[in-house]
Amino acid sequence: GRRWTEIGSLDIELAGSTVLIRGAAQTIRPVSKKMVFLVVRHYVSTVQCVLVINKECVSPQMVKFATGLSKESIIDIEGVVSIPKDPIKGTTQQVEVQVTKLFCVNRAVPNLPINIEDAARSEMEFEKAEQTGEQLVRVGQDTRLNYRVLDMRTPANQATFRIQCHVENIFRRFLLSEGFVGIHTPKLVPGSSEGGAAVFKLDYKGQPACLAQSPQLYKQMAICGGFGRVFEVGSVFRAEDSYTHRHLCEFVGLDVEMEIKEHYFEVCDIVDRLFVAMFDYLNENCKKELDAINRQYPFEPLKYLRKTLRLTFLEGVKMLKEAGVEVDPFGDLNTEAEKKLGQLVREKYDTDFYILYRYPLAVRPFYTMLCYDDPAYSNSFDVFVRGEEIISGAQRIHLPELLTKRAEACGIDVKTISTYIDSFRYGAPPHGGFGVGLERVVMLFCALNNIRKTSLFPRDPQRLVP
Ligand code: 4AD
């Protein structure tokens, strides 16, 4: 057969050779009745293709046909790779293709609801256009999500979801190398695990049930079951009421649970090494993707230390107080206080990534271990990127009597979680773990301002479609 060439691998070394390529007709620019330029895109690569009438292979009908193609139609082109006289602007490939044959594989409708070039523009381009009086169309978030298959085609989006895939992959790879076992826990469950009303209720063959709010109780039961160290990558469901830039009703949870020998800092050590390895990997191996995101949504690279900074909750409270922000030393930090603390930490320690530990017990779920020296506080932590939470973790209570007491104190009907509590009666080691939101990691590593940009088909309180 024929040799297909990927658009991304068209380069000067191929000059003079005939290639066969497939892609989407991103732009169609006729310069005369005799000549038309096409920009053809595949994945994140684009190449300029030129049709000029000639006796051998390009007829006037062919030029007319090319001129009449609709944008985003899938086309096959056979042509000769050539080096243009002037460098080409606006394509990723520096060579062009002199077309000899053209086929339309599948025609797109003529009036697309989103123009990919508009969807790919940066805010800076819009501002410039406003000054020069040029008319450019901004594509709103809802339009993007309504027509996600079109929106996904922008270089920044193609890059975002490739980065997401790498984050998940590093998570697995790192934990496997540290002796963790990947598990899967049920998503159809009898009740809530993180407390609160934020569950999607459903009918399970006549029994009340809900979608799992987290794998929390089951990953702990796997520790009771003797696995020692486990992780899970899976869907997490939260019936969030609030419509914010960082909450979804369904997200991908990266969960970890492990035995602790002496101190819950062993869990923080895993967080520390895992995330330094992940950030290093992204910076070293995803330069093209990060550049693509940067071109549309410029951002400063994440600052992180070789050994992740750890501050106690009360140190955080003190820093905030000194900056004029009063917060309750026995309460939780609100979003604003977290953001402010992120700024203060950056100024003082030159890092965008840090661990805040020893939270007040009252603001943590019932299963959280209390501090041995002060039961108003807990052996727990949150991890922040650019002043926003990406992880929460803790040592768990492995003593059934204390667990029962804490569940009751938190208003939980212990009958509903009796199999979970019983798991700790058969010999259960001290343990702890953490949960990470995949979409938040990508959003905050790339300083994107909305979690909907890092979820392929986001589910929020107002969106179930597409
Ligand atoms: O803080 P959360 O609720 O903690 C737990 O689920 C615990 N079981 C974790 C543990 O092992 N202790 O959720 C963990 C992480 C958050 O830090 C955040 O990154 C993400 O999950 N997350 C959300 N992401 C998107 N939309 C939402 N509604 C989220 N809620 C939490």
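Which element supplies the largest share of the shell around the ligand? The strand is β15, with five residues. This is a predicted model, in which local features need pLDDT of at least 70 and side-chain atom pairs count only at pLDDT 80 or more, while totals for chains, interfaces and linings use all residues. Residues are numbered from 1 along each chain as its sequence is written, and side-chain values use heavy atoms, with hydrogens and water left out.

Helices (H or I, at least four residues) and strands (E, at least two) are DSSP runs numbered from the N terminus. At least two shell residues each come from α7 (216–224), β11 (250–259), β15 (388–395) and β16 (431–437). There are 23 residues around the ligand, and those that come nearest are Gln216, Arg238, Glu389, Ile390 and Arg396; a residue counts as near if one of its heavy atoms lies within 4 Å.

A polar backbone atom of isoleucine 390 is 2.8 Å from an oxygen atom of the ligand, and a polar side-chain atom of glutamate 240 is 2.9 Å from a ligand nitrogen atom. For a polar contact, the pair of N or O atoms must lie within 3.5 Å.

Helix α9 (residues 287–296) has Glu289, Leu290, Ala292, Ile293 and Gln296 as its buried residues. Seen down the helix axis, these fall within an arc of 155°, so they line one face of α9; the arc is taken from the directions from the axis to the C-beta atoms. The face turned away carries the exposed residues Lys287, Lys288 and Arg295. Buried means under 20% relative accessible area and exposed over 50%, with a 1.4 Å probe and protein chains only.

Methods: Polar contact = N/O pair within 3.5 Å; in protein donor to acceptor, adjacent residues only side chain to side chain.
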